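Hi everyone, thanks for coming. Today I'd like to walk you through one protein, so please have a look at the screen.

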Amino acid sequence: MRAIANEERANGASLVDRFLEVAVELFGRRGYTGVSVEEIVEAAGVTKGAFYYYLESKAELLYRIHDRFISVELAEGERILAGGGSASERLARLVRSLVRSIHDYLPYVTVFFHELHHLEEPYLSRIREKRDRYERMFVETVAAGVRAGEFRDDVEPRLVALALFGMCNWAYRWYRPDGPLGPEEIADRFLRLFMEGLARRDGR
């Protein structure tokens, strides 16, 4: 009986993954409002009943598209912060992880930023909660660097975090996996520019 239940859960997860893949491709080409549930299930090769067995709505798909990569970012951020090291080292690892996730989930990131304004409650609140948790990782790391004297003391940690997000997240608009720079090289260049501005100088 337990084996059957496990198999059903595995099949359900696999089918939801299929819906996500199809939705990312269709939303990416035609936008969220330009795609119907009927078109999603047809492209996925399943029935409409199967869709509503595993998902509440098309809005849940949009939520899951973002949750797919924000959950990975949160888990990786927690691992980085638990790993110790200086604030500078932790911040650098967080930035590299963020750029890597944009590379790994580029279609998901692109669809989410383009279609975020269509996200409904309660999904919007769930996304905000996770994004706030992720933001705090950066804010608290910068604040720790200021307290430790690694970063200049005239910076506002949250403003620094928002600037980092703006720099990294905007990469989804121009980054190409087959481009001249990979995610590691892009992260290194971002850090070279940003960390020099944060560095403590002349007793500050």
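Let me start with a term: a nonpolar core is a set of buried Ala, Val, Leu, Ile, Met, Phe, Trp, Tyr and Cys residues joined through side-chain atoms within 4.5 Å. Please keep in mind that this is a predicted model. Its largest nonpolar core has 69 residues, and the members that touch the most others are Phe19, Ile40 and Phe138. Helix α7, residues 123-147, gives the largest share of this core, with ten residues.

Let's pick out Ile40. Setting aside neighbours within four places in sequence, Ile40 is in contact with Phe19, Val22, Leu26, Phe27, Val35, Phe51, Lys58 and Leu61.

Now let's step back to the whole chain. The protein has nine helices and zero strands. Its C-alpha atoms fill a box of roughly 65 × 40 × 30 Å along the principal axes. Of the 204 residues, 44% count as buried. If you take the contacts between residues at least 6 apart in sequence, 70% of them join residues at least 24 apart.

How far apart are the end C-alpha atoms of α5? They are 25 Å apart, which agrees with the 26 Å that its 18 residues should span at 1.5 Å a residue. The buried residues of α5 include Ala87, Leu91, Leu94, Val95, Leu98 and Ile102. Here is a handy rule: an α-helix has 3.6 residues a turn, so residues three or four places apart point the same way. And what covers the buried residues of α5? The cover includes α4, α6, α7, α8 and α9.

Back to α7, because Lys130 is found there, and with 18% relative accessibility it counts as buried: the cut-off is under 20%. Not counting residues up to four places away in sequence, Lys130 touches Asp67, Ile70, Ser71 and Leu74.

Last stop: empty space. Rolling a probe the size of a water molecule over the atoms shows where empty space is left. The largest pocket has a volume of about 190 Å³. It is lined by 14 residues, and those closest to its centre are Ile70, Arg131, Tyr134, Phe165 and Asn169. The elements giving two or more residues to this lining are α4, α5, α6, α7 and α8. Which helix gives the largest share of the lining? That is α7, with four residues. By class, the lining of this pocket has nine nonpolar, one polar and four charged residues.

Notes:
Residues numbered from 1 in each chain as written. Predicted model: local features only at pLDDT ≥ 70, side-chain atom pairs only at ≥ 80, totals over all residues. Heavy atoms only, no water. Buried < 20%, exposed > 50% of the residue type's maximum accessible area, 1.4 Å probe, protein only. Contact = heavy atoms within 4.5 Å. 1 Å grid on protein atoms, 1.4 Å probe; cavity = no way out; pocket = protein on both sides within 12 Å on 5 of 7 lines; lining within 4 Å. Points joined across faces, edges and corners; volume = space filled by probe spheres on them. Nonpolar A, V, L, I, M, F, W, Y, C, P; charged D, E, K, R; others polar. Expected span 1.5 Å × (residues − 1).
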